[in-house]
Amino acid sequence: MQTRLIAIALLSALCLAGPADAEEGKPAPDEVAFQWNVRIALRDGVNLSATRYRPQGLKAATPCIFAMTPYMAQRNHERAMYFASHGYTYYAVDVRGRGNSEGEFTPLLQEARDGHDVAEWLAKQNECNGKVAMSGGSYLGYSQWAAAKELPPHLATIIPVASVGPGIDFPILNNIPYTYNMQWLTFVSGNASQDRIFFDGAFWAAQYRRWYLAHAPYKELDGYIGNPSPTFQTWIGHPHQDAYWDSYRPTPEQYAKMTLPILSITGHYDDDQPGAMNYYKEHMRYAGDRAKAAHYLIIGPWDHAGTGNPQAEMGGLKFAPASVLDMGALHTAWYDWTLKQGKRPEFLKDKVAFYVVGEEAWRYAPSLPAVTASTQTWYLDSQDGRANDVFEAGRLRSTPSASATPDRYVYDPLDTSALQYEDRPEVFSPTYAFILDQRGTQLSSGKQLVYHTPALERDTDIAGFFKLSAYIAIDQPDTDFAAKIYEVKSDGSTVFLTQEFKRARYRANPREPVPVVPGAVERYDFDRFNFTARRLSQGSRLRLVIAPLNSMTMQKNYNSGGVVAEESGKDARKVTVTLYHDTQRPSALYVPIAAKSSVADKGAGTERDPQSR
C-alpha cells in the first residue's frame, strides 16, 4: 500500500537525487574548489562539519547555499558540484551529532536554532556576499522551514522540497504512526550512515512481519527490531497533535514575520505532501500580502523521490516529457532571480503550477483554492446493503439515496490475511505500490465497502482535494479507517488516486481523543486526502473503498479504546462498521473539478523583483 514502507528510496533517495544526477551538463571537476570538514561554530559552542564547494578561481563574494542533512554531507556531492559550477558557493552540512559534526543528534529537534546559526555564520564569511539560501528535500526540506521560523536576518530564500511535517506526516499520519519509523531511526542511529541496513527491503519486511504476526504492542517495536530507541518512545508519548509537535513547525506569529521568497515543491504521490501542503497553507493563511506573493508552489505527478529527480514513469504510470522538469535549471533560475536580480524562472507562469495526468500538461492558478473550479457530489447508495466487493459494489449516484438499508463490514484485528498483499520485498518499491494496493482491494471480498460511479459520459478533469462525509456507527469505542479512491478505466484497469487514514477517536478533533459511543451514528469527515490532478477518461468510473486499516506498515489499533501503542492481540475486539446513506444521513463523496489554467500573461521571465506582486 502507498505508505512509508514503499520508501526503500524514501527520505534518503530524495537527498541523493537532484540537479546533478543527469550526466548531461555535469560539471568538470576542475571547475569547483573543494574543502572538506569546514568547522561552523554554533552559539552553544558545538561545531558542525561542512563540506564546501566553490567556483574555482572566483575571487568575488557570491551568494551561499547550504543544506543541513542527517544523511552524511557527501550524499549532497553531486548537488553541490552542480551549484558550484553555476556560480554559487555551496555548503553541505552534517547536522548536530551526525557525520563529522559535534554534539548529540535528536531527530528534528535541533535544526531550527542550528539552521539559524549556520545561515548567520555563512553570511559573515568573506566568500559570501551576505545573501544565504537553503536547499534540499524531505528532512532537508523540513530543515529549511525549521531554520526559516527562527527568522535569520541573512536567509534570503528557501526551496523546500517534499518537506517533512513533524506530527503532520511523520512520524505520525493523522495521528497514526508508521512502523517505518524504526527503519528511519536505525538509518540515522549513531554518527555514521546505516544505509546498507536501511536499504535492505527484505530485512525490514521480515522484522515488521514478525511483529505483526505476534500481535505485539507497537511500543515494543524498537525491541523487535533490535534497536531500543528513546526517540521512538518519546514519539509514542505524543500520539496526537499537541504542543510537542507544534514546537517543530512555525507558529502563526513566525509565519507572519517571514518575508523571504519561497518555492515549495511536492508531488501527487509524495508521502510528505501533507507536510509540504501544511507549510504552504499556513504561510498563505498568516503571512502578509507581500510575502504570500513571493511564495510559489509546484505539484507534479511524482512520488517522494521524484520531487527531486522527476521520472517519466512511476508505479506503472507513464507521463509525457513535460512532466520531467529539469530541477537543476529550475532551482538555479530561482536562485538567480531571488539572489542575483535575474529574471523570474520561465516555468513559473503563476503562483501555483500543477500537472494534470492524462492531459499531460501543466496548468496554472493564482492560488491553491483556485485550482478547483467546482465540486461534484456523489451520494453513496447500495442495493439491500450489498457493497462489500468490487463485483457486488454499492453505487455513487448524483442524487441522494432513499435506501434505508445500511452497509456493513466486520473487521477482526487478529485477521492477518492482508499480509499476502504486502509481504514481499517489492512492496518497498514505489514502482509496485499502486498495483499491489489495487490487487489487495479486489481480492479482499467482504472485508470493506466499495462504491462506483456510473461510467463517465465525457472526459472529466479533476484537480484538488477529495472529501468524504460518511455517517457511520461502530460497536466498539475505536477503530481505524482507510478511505481510498481509484479511477477504474473502461478496460477494467485501475489507477490509485488518493487516500486518507482516520482513527475514530480523532473523528472530531486531531488534538483531542474522544471514545466512540458504541452504536451511535456520527458523521465522519474525511477531509485530508492528498492532492491529485487527473483527466478521467470517458467511460471510466470512480471507485471509493472504505476499509479497515490493517497493515504491517502502520500501528495496529485493536479497537478496545485504550492506549493504542500498548494494546496487543489480547486486547483485540471485532468491530462491526455500519455506514448509513438515507435522506436523513446522506453520505457523500465530493470530487474536485479542475479549473482551466490561468492566463499566462504576467510577463513570465521578465519580472525582476520576487516580491513585487
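Colleague: What makes Glu127 and Arg52 a salt bridge?

Modeller: This is a predicted model, and in it the closest N and O atoms of Glu127 and Arg52 are 2.4 Å apart. The cut-off is a side-chain nitrogen of Lys or Arg within 4 Å of a carboxyl oxygen of Asp or Glu, so the pair counts as a salt bridge.

Colleague: Why do you say that this pair ties together parts of the chain?

Modeller: Arg52 sits in strand E2, residues 47-55, while Glu127 is in the loop between helix H3 (111-123) and strand E5 (128-134), so the parts it joins are 75 residues apart in sequence.

Colleague: Are Glu127 and Arg52 buried or exposed?

Modeller: Glu127 is buried, and Arg52 is buried too.

Colleague: Take Lys149 and Glu150. How do you know that their side chains meet in a salt bridge?

Modeller: N to O, the distance is 3.2 Å. The limit is within 4 Å, so Lys149 and Glu150 pass.

Colleague: Why is Lys149 called buried?

Modeller: Its relative accessibility is 8%. Buried means under 20%, so Lys149 qualifies.

Colleague: And what makes Glu150 partly exposed?

Modeller: Glu150 has a relative accessible area of 26%.

Colleague: Why does Asp415 with Lys447 count as a salt bridge?

Modeller: The N to O distance there is 2.9 Å, and the rule asks for within 4 Å, so the two side chains meet in a salt bridge. Asp415 is in the loop between strand E17 (407-411) and helix H15 (430-443), and Lys447 is in the loop between H15 and strand E18 (449-452), so this pair ties together parts 32 residues apart in sequence.

Colleague: Why are Asp415 and Lys447 called partly exposed?

Modeller: Asp415 comes out at 23% relative accessibility, and Lys447 has a relative accessible area of 34%. Buried needs under 20% and exposed needs over 50%, so partly exposed is the label for Asp415 and for Lys447.

Colleague: Which residues are linked in a network of salt bridges?

Modeller: Glu359, Arg363, Asp461 and Arg535. A search of the whole structure gives 29 salt bridges.

Colleague: What is the confidence like?

Modeller: The average pLDDT is 91, and 89% of the residues score at least 70. Over residues 1-18, pLDDT stays under 50, though the model has 90 contacts beyond four places in sequence for them. Residues 20-24 also stay under 50, with 6 such contacts.

Definitions and conventions:
Residues are numbered from 1 along each chain as its sequence is written. This is a predicted model: local features need pLDDT of at least 70, side-chain atom pairs count only at pLDDT 80 or more; totals for chains, interfaces and linings use all residues. Side-chain values use heavy atoms; hydrogens and water are left out. pLDDT is the predictor's confidence in each residue, from 0 to 100. Contact means heavy atoms within 4.5 Å. Helices (H or I, at least four residues) and strands (E, at least two) are DSSP runs, numbered from the N terminus. Buried means under 20% relative accessible area, exposed over 50%, partly exposed in between (1.4 Å probe, protein chains only).
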